[in-house]
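Subject: The two-chain model, with notes

Hi,

Here is the structure I promised to pass on to you. Please open it first, and then read my notes below alongside it.

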Amino acid sequence: MSDTRFRTVRDLPSTHVLGAGTAMCPGCGGLEVLHEVCDILGPKTIVVNAAGCMTLLAIYPFTPFYGSWLYTSMASAPAGAQGVRDALDILIGKGRISPDENLDVVVLTGDGAAYGMGLSATSSAIERGLDFIYLCYDNEGFGNTGQQYSEATPHAAMTSTSRGPLGFPGHKKDLFSIWAAHRPAYAATVIGSDPLDLARKIEKAKSLKGPRLLLALAPCPTGWGYDPADSVEIGKLAVRTGIWPLREYLDGKIVHTHIPHQRLPVESYLSRQGRFSHLFGPVRNESLIAEIQKGVDAYWEKAG
Amino acid sequence: MRRALLTGNAAAAWGVRLSDADYVPAFPITPQTEIIETLAGWIDSGEFRGCRMVTLESEHSMLTAAGGAAAAGARVFTATSSQGLLYAMEMIYTIAGWRAPFVLVNVSRGVATPITLEPDHNDILAARDSGFLQIHCATCQEVLDTILIAYRLAEDERVRLPVIVNLDGFYLSFTREPVEIPDEDRVRRFLPSCCPGSIRFLASRPLSEAAVVLGGSTYSYFRYETHLALMNALGAYDEVSEAFTREFGRTHDTVEAYRAQDADLVFFMIGSFATKAKDAVDRLREIGKPVGLVRPRMLRPFPEERIRTLLRGKKAVAVIDQNLSMGKGGVLHAELASALYGQPGMPATLASFIGGLGGRDIPPEEFYEIEAVTRRAADEGTTPPTRLLYTKDELRDIRKLQAIAQAGQIKAKEEP
């Protein structure tokens, strides 16, 4: 990180290019990340969107973006990005548009598409070496339809389709590692509550060519059940408990950009959210809390 | 100009090459694959310079890439068949609303279940209401010519919509016919290289495409806009087709009429099987039956006025549908009925026949029978029920196969 222009929070952009007053919920952790992505990438972008919460950013005839926007479908945003990227390259190559008119192509997707329906199109775009940034705002469920569990939902979380006493029985899919296995140009996990780490990773992604992942854990007051004012705090706890590791894949190596040496117990993150309230009352579910703690401990033990 | 023996698929590839397409997102599927193989071969050998092909992981993605690139301003071609078209169907509907012009060739093939490779029109008719224009070809020459016409029509500012050009699997895709391949400079006069009006996504001129709408009023506005653009394509087609005739000497109207003017009974059908109907018309004429053929090339927009003009004063129409709308009958029959009903001077008898499913042949004898049944009904002033064409011999063969399979099963049980 020695070559970054983001040394302290004071270096973060002070002008904001994404308009306010969108249809996103107050305290949206995904929007927090998108703001910084737009600020650092600048307006010469086209956002290719997959169906999700953020599809509601551009409601005819208004848009918060300075750049362009193309909504595609739930499953095939990376293919839309392929078409746009290829067309821009062709048009520039044939001299039909000036190189100044070039755009960064950014796929914007939620976890519902990224971890599930859209994975095939994503894998294929990475395999082809598509030059694009893939921004996933991961709020760990189908948020736009009322927080049903998705393939990104963590173990034990209560969602509108996992209301039993043990919550969601499955385990969160490791999308970062799936990306890393494809050997992309770049992949990183990020979170809005660490804006400096986020800024450096956006900067790094922008400097590279090829498939680049920014996978953002997106604390979601509506879906997770907490006060919108606490979004930053929840995000910080996700990192400090070690539940959301901040990672980076570059040149075949995975590094942690932040190692929480004094990890807080997972309880301090879980107990703040309604979706885990069944772990703490009316009877504490010690074994389930311990199981989640064990999973996090095992991850960091392996990570060294 | 030169003449060559080309398959329908090769004729399609020539159409794309002569159109100077920039970009081909692809995915293989029988019986379409020869088109993308031919294009890939030309791109690799340098004969088709300036075109880029990308193979996607599915037809759904292929159509998304096609729409994205067309919206960004490239001249785009893509092709599919059957299950591929159905798999892409979400994007067929979606992309039509992007108002991004490009050409999709569908090589018709029956849809599962049962799975088959051979043709009928249930695949392409599933795209009927999507907002794509739809043109059906009956010969290999028509395939090449129609692709040139389709680009000019799609890019016409009154239209700005994608076009599906349909040819039948096997009967056209793999059948060689003599085809005139026009010279490139003449094609450029008819269809200049692409198309500054199409470029939308520029750093200096940002644009939001396909944004969400809230409420039925805004939604209806855009849906009506697309419908009206399709309707504009009828007039635009006539201009484009006249220009085509001026340049190349061949005429491809929205509806082909064959010996229909003095006929009192006409066959009404689309696609390559219509050439079988032409042959039947000639033979029936030889024995003094005044029959003809009316073949819509364009199915969307539906050229109602032209069809009414051609059918006014006829006694009867035999509609032969190479498709089956389960629980209703022939799609073309219903389309025609809605176009004729209540209009002055229209034939009183519209008989419906289903045939040619999954490549099943319609031999001359069946055309004679269709003519006889329809004429009898017209004379009696009745409309016969929908007929599913099938012979006793075919049913006997199926029963025989089932009996053989069953006997084999019983034998296998007895001798484990």
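This is a predicted model: local features need pLDDT of at least 70, side-chain atom pairs count only at pLDDT 80 or more; totals for chains, interfaces and linings use all residues.

You will find A:Ala81 in helix α2 of chain A. Leaving aside residues up to four places away in sequence, A:Ala81 touches A:Val48, A:Val105, A:Val107, A:Ala125, A:Leu130 and A:Phe132.

Chain A as a whole

Chain A has ten helices and eight strands. Its radius of gyration is 19 Å, close to the 19 Å that the globule rule gives for 304 residues, so chain A is as compact as a globular protein of that length. Along the principal axes, the C-alpha atoms of chain A fill a box of roughly 70 × 45 × 35 Å. Of the 304 residues in chain A, 51% are buried. If you take the contacts in chain A with a separation of 6 or more, 68% of them are between residues 24 or more positions apart.

A sheet that takes in a strand from chain B

Next, please look at the open sheet of nine strands, which has mixed pairing and the order β8(A)-β7(A)-β5(A)-β6(A)-β4(A)-β3(A)-β1(A)-β2(A)-β9(B). At its edges stand β8 (253-258) of chain A and β9 of chain B; each has a single partner strand, so one side of each is left without a neighbour in the sheet.

Within this sheet, strand β4 (residues 132-138) of chain A runs parallel to strand β6 (residues 211-217) of chain A, and seven bridges join them. Where the chains meet, β2(A) pairs with strand β9 (residues 208-209) of chain B in the parallel sense, over two bridges. There, A:Trp69 has B:Ser208 in β9(B) as its bridge partner.

Where the chains touch

How many residues of each chain take part in the contact between A and B? There are 38 from chain A and 39 from chain B. On the chain A side, β2 (68-71), α2 (77-93) and α4 (119-127) each supply at least two residues. The largest share comes from α2(A), with ten residues. That is the helix that also holds A:Ala81. Sorted by class, the side of chain A that touches chain B has 19 nonpolar, 13 polar and six charged residues.

Chain B

The domain assignment of chain B gives domain 1 (2-248) and domain 2 (255-393). Their C-alpha centres lie 28 Å apart. The contact between them takes 24 residues from domain 1 of chain B and 20 residues from domain 2 of chain B. On the domain 1 side, the elements that give two or more residues are α6 (122-125), β6 and α9 of chain B, and the largest share, five residues, comes from α9(B). The residues on that side divide into 14 nonpolar, six polar and four charged.

Chain B also has an open sheet of five strands, in the order β4-β5-β7-β6-β13 and with mixed pairing. The edge strands are β4 (77-80) and β13 (298-300) of chain B, each pairing on one side only. On average, and with direction ignored, neighbouring strands of this sheet are turned by 25 degrees against each other. Strand β6 (residues 133-136) of chain B pairs with β13(B) in the antiparallel sense over two bridges, and B:Ile135 stands opposite B:Met298 in β13(B). Helix α7 (residues 140-155) of chain B packs on the sheet and touches β5 (103-108), β6 and β7 (163-168) of chain B; the direction of α7 makes about 170 degrees with that of β7(B).

In α5 (residues 89-96) of chain B, the buried residues are B:Met91, B:Ile92, B:Thr94, B:Ile95 and B:Ala96. Their cover includes α3 (59-72) and α9 (216-248) of chain B.

Happy browsing, and write back with any questions!

Best wishes

Conventions
Residues are numbered from 1 along each chain as its sequence is written. Chains are lettered from A and ligands numbered from 1 in the order in which they are written. A residue is buried if 20 or more other C-beta atoms lie within 10 Å of its own, exposed if 12 or fewer, and partly exposed in between; C-beta atoms are placed from the backbone. Helices (H or I, at least four residues) and strands (E, at least two) are DSSP runs, numbered from the N terminus. Two residues are in contact if their C-beta atoms, placed from the backbone, lie within 7 Å. Ala, Val, Leu, Ile, Met, Phe, Trp, Tyr, Cys and Pro count as nonpolar, Asp, Glu, Lys and Arg as charged, and the others, Gly among them, as polar. Two strands pair if DSSP finds at least two bridges between them. Axes are lines fitted to C-alpha atoms, for helices over the stretch in contact, and angles run from 0 to 180 degrees between N-to-C directions. Domain bounds come from an automatic or database domain assignment. The radius of gyration is taken over C-alpha atoms; the globule rule is 2.2 Å times the number of residues to the power 0.38.
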